[in-house]
Amino acid sequence: ALISLRQLLDHAAEHGYGMPAYNANNMEQVHSIMEAAAAVDSPVIIQASAGARKYAGEPFLRHIILAAVEQYPDIPVCLHQDHGAEPAVCFRSIQSGFTSVMMDGSLMPDMKTPATYEYNVDVTRKVSELAHAVGVSVEGELGCLGSLETGMAGEEDGSGAEGVLSHDQLLTDPDEAADFVKKTAVDALAIAIGTSHGAYKFTRPPTGDILAIQRIKEIHARIPDTHLVMHGSSSVPQDWLEIINSFGGDMGQTYGVPVEEIQEGIKHGVRKVNIDTDLRMASTGAIRKFLAENPKEFDPRKFLIASTKAMKGICQARYEAFGCAGMA
Ligand code: G3H
Ligand code: 13P
Ligand code: NA
Ligand code: ZN
């Protein structure tokens, strides 16, 4: 059944687990997310970006996810809209049947220019008022995602603010978070704690304290009833990176957020963990490998099955690591 983000994350908080929120654009990704959830009895968050709606088309995306709900009647599914650039985007998603929307007011509608605090409060409050009236949950974002090392939002395929961000912008302020939640009534809050979108997060193997865990604790202490969200939380699996590059790919050396760091966050109030890049890498690696090893094959189902299986492996590992296995 479709459930709201608030219902799902309240359960997660009560039982001390975190939920991976996987981006999906097509049937194979939805298959992998659902097959993994069914295998370990986990609830599901599927999120769709503006890019996903553009790629699949809104009715296709909606029906693929409704098909998942029909095929797996015992698994609770939250259908979440990722990074809404302005209230109108969120309102369209609510109309389309999403049970949760993210109003990303940390950036202006161009999704590149950092917004003022007042603008963020204003647009997020507007979305909350309408969404809550119809039982839809709201995620807001305070602070700008980016590397504490470089001040950049992301390299190459990353998305987010343009230019170098200040230390203040890169870490969500706990007092501001408390004021923001009071004024906007969001159910979940994405916080900036040193992660960034895309594959190119860290240039060196993370040493153990790459996230501002202390900052997560301080924010959680101020807003204990608001579920914290970590964006840019792919772990950038080194085995898939190697497979991609040994079968014709050319990705640079790069590192992501270690699963153990995410588990540390979950101990301190993180309930939703956004993952897109890891599934992209598993899919690409599996398809490159399959086609290289089976040069006579031309039935797309063959390499798409390899892709689905690879993505399912990542999904299942995260369900288990974040403690949501057995919670459906
Ligand atoms: O936040 C970004 C997500 O990874 C979605 O990416 O906009 O390319 O679909 P996308
Ligand atoms: P990754 O690029 O680390 O997978 O993050 C995805 C994300 O935050 C989507 O909102
Ligand atoms: Na989101
Ligand atoms: Zn994000």
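This is a predicted model: local features need pLDDT of at least 70, side-chain atom pairs count only at pLDDT 80 or more; totals for chains, interfaces and linings use all residues.
Trainee: How is the packing of two helices described?

Mentor: In general, two packed helices are described by the angle between their axes and the distance between those axes. In this model, helix α12 (residues 277-293) and helix α13 (residues 300-322) have axes that come within 8 Å and cross at roughly 145 degrees. The crossing of α12 and α13 is right-handed.

Trainee: Which residues of α12 and α13 meet?

Mentor: On the α12 side they include Asp278, Leu279, Ala282, Ala286 and Phe290; on the α13 side they include Lys302, Phe303, Ala306, Ala310 and Ile314. By class, the contact of α12 with α13 comprises eleven nonpolar, four polar and three charged residues.

Trainee: Is isoleucine 243 buried or exposed?

Mentor: A residue counts as buried if 20 or more other C-beta atoms lie within 10 Å of its own. Isoleucine 243 is therefore buried, because 20 other C-beta atoms lie within 10 Å. This residue belongs to helix α10 (residues 238-246).

Trainee: Which residues does isoleucine 243 touch, not counting those up to four places away in sequence?

Mentor: Isoleucine 243 touches Gly285 and Lys289.

Trainee: How many residues surround ligand 2, and which are the closest?

Mentor: Ligand 2 is surrounded by 13 residues, the closest being His231, Ser234, Asn274, Asp276 and Thr277. Strands β3 (77-84) and β8 (270-275) are the elements that each give two or more residues to this shell. By class, the shell around ligand 2 has one nonpolar, ten polar and two charged residues.

Technical notes:
Residues are numbered from 1 along each chain as its sequence is written. Chains are lettered from A and ligands numbered from 1 in the order in which they are written. Axes are lines fitted to C-alpha atoms, for helices over the stretch in contact, and angles run from 0 to 180 degrees between N-to-C directions. Helices (H or I, at least four residues) and strands (E, at least two) are DSSP runs, numbered from the N terminus. A crossing is left-handed if the near helix is turned anticlockwise from the far one by less than a right angle, and right-handed if clockwise. Two residues are in contact if their C-beta atoms, placed from the backbone, lie within 7 Å. Ala, Val, Leu, Ile, Met, Phe, Trp, Tyr, Cys and Pro count as nonpolar, Asp, Glu, Lys and Arg as charged, and the others, Gly among them, as polar. A residue is near a molecule or strand if its C-beta atom, placed from the backbone, lies within 6 Å of it. A residue is buried if 20 or more other C-beta atoms lie within 10 Å of its own, exposed if 12 or fewer, and partly exposed in between; C-beta atoms are placed from the backbone.
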